[in-house]
Amino acid sequence: MKGVVFTEFLGLVEQQFSADMVDDIIDDAQLPHGGAYTAVGTYPFPEMVALIVALSRRTGLAVPVLIHAFGQHLFGRFFVLYPAFINACDSTIGLVSHIEQVIHTEVRKLYPDAELPSFDVESHTAQRLSVVYRSPRCLADLAVGLIDGAIVHYGEQGHLQLTREALDAEGTAVRFILEKT
Ligand code: HEM
């Protein structure tokens, strides 16, 4: 997993909780290199899982709730770090329909070792989009958080409905439907 995900996650923990909470969860997670991350590095995904589980234990907040909140925050950070991708679209449906062919394709060029999910578009009109998320990392809650962040960004709260449908028991495949209301 790219270091930018770790640095943004720990930045959010510091902002929402405290710098001590960051130190505490790094200690709890017993990370091999002491939890020092740089945005351009690449680190094992299980370290992110260990940090989120540690935060969940310390705060009493459920792991899916924390991952969703992180996704919402991460969308705002992606807009600061990579505004061109988000400015190129004028709606959440437009953006989500472009993740696979445009956005994550560009991310892969920048970071060949990025571990990205796939988002296969099943059907797409201006009113409705159906995509299937697939990833062995089972981060559909992160995807929902990112999409919710996009809905706020494009000012579509209350006008766009997001539904999810699990396609397997593990969470590696999830259908998302975005529909204008
Ligand atoms: C609503 C729009 C987006 C959604 C739903 C989305 C979804 C995701 C998800 C769920 C992951 C976690 C990896 C996994 O599930 O296997 C991910 C990783 C990532 N995405 Fe996106 N993404 C979106 C937009 C963007 C944008 C605009 C950028 C910036 C150009 C971006 C860059 C990345 C990067 C750098 C990673 C980390 C890859 C790694 O850890 O190696 N994404 N994305």
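A pocket is an open set of points on a 1 Å grid over the protein atoms alone, with protein on both sides within 12 Å along at least five of seven lines; a cavity is a set where a 1.4 Å probe fits but cannot get out, and lining residues have an atom within 4 Å of a point. Grid points are joined across faces, edges and corners, and the volume is the space filled by probe spheres set on them.

Quick housekeeping. This is a predicted model, where local features need pLDDT of at least 70 and side-chain atom pairs count only at pLDDT 80 or more, while totals for chains, interfaces and linings use all residues. Residues are numbered from 1 along each chain as its sequence is written, and side-chain values use heavy atoms, with hydrogens and water left out.

Helix H1 (3-16) and helix H4 (63-81) each put in at least two residues; helices here are DSSP runs of H or I, at least four residues, strands are runs of E, at least two, and both are numbered from the N terminus. By class, the lining has ten nonpolar residues, one polar and no charged. Nonpolar covers Ala, Val, Leu, Ile, Met, Phe, Trp, Tyr, Cys and Pro, charged covers Asp, Glu, Lys and Arg, and the others, Gly among them, are polar.

How many cavities of 30 Å³ or more does a search of the whole structure find? Two. The largest cavity has a volume of about 670 Å³. It is lined by 31 residues, and the closest to its centre are Leu74, Phe78, His104, Leu116 and Leu146. H1, H4, helix H5 (83-87), H6 and helix H7 (140-153) each give two or more residues to this lining, with H6 giving the most, six. The classes come out as 26 nonpolar, two polar and three charged.

The second largest cavity is about 40 Å³. Among the residues lining it are Met1, Ile52, Phe70 and Leu142, and the lining is eight nonpolar, no polar and no charged.

Is Thr92 buried or exposed? Buried, because its relative accessibility is 0%; the cut-offs are under 20% for buried, over 50% for exposed and partly exposed in between, with a 1.4 Å probe and protein chains only. Leaving out residues up to four places away in sequence, Thr92 touches Ile147, Tyr154 and Leu178, among others. Contact means heavy atoms within 4.5 Å.

One other histidine: His153, in helix H7. It counts as partly exposed because its relative accessible area is 31%. Beyond its neighbours within four places in sequence, His153 is in contact with Phe75, Phe79 and Ile86. Its C-alpha is 19 Å from that of His104.

Last, the overall layout: the chain is divided into domain 1 (3-61) and domain 2 (89-180), with bounds from an automatic or database domain assignment. Their C-alpha centres lie 25 Å apart.
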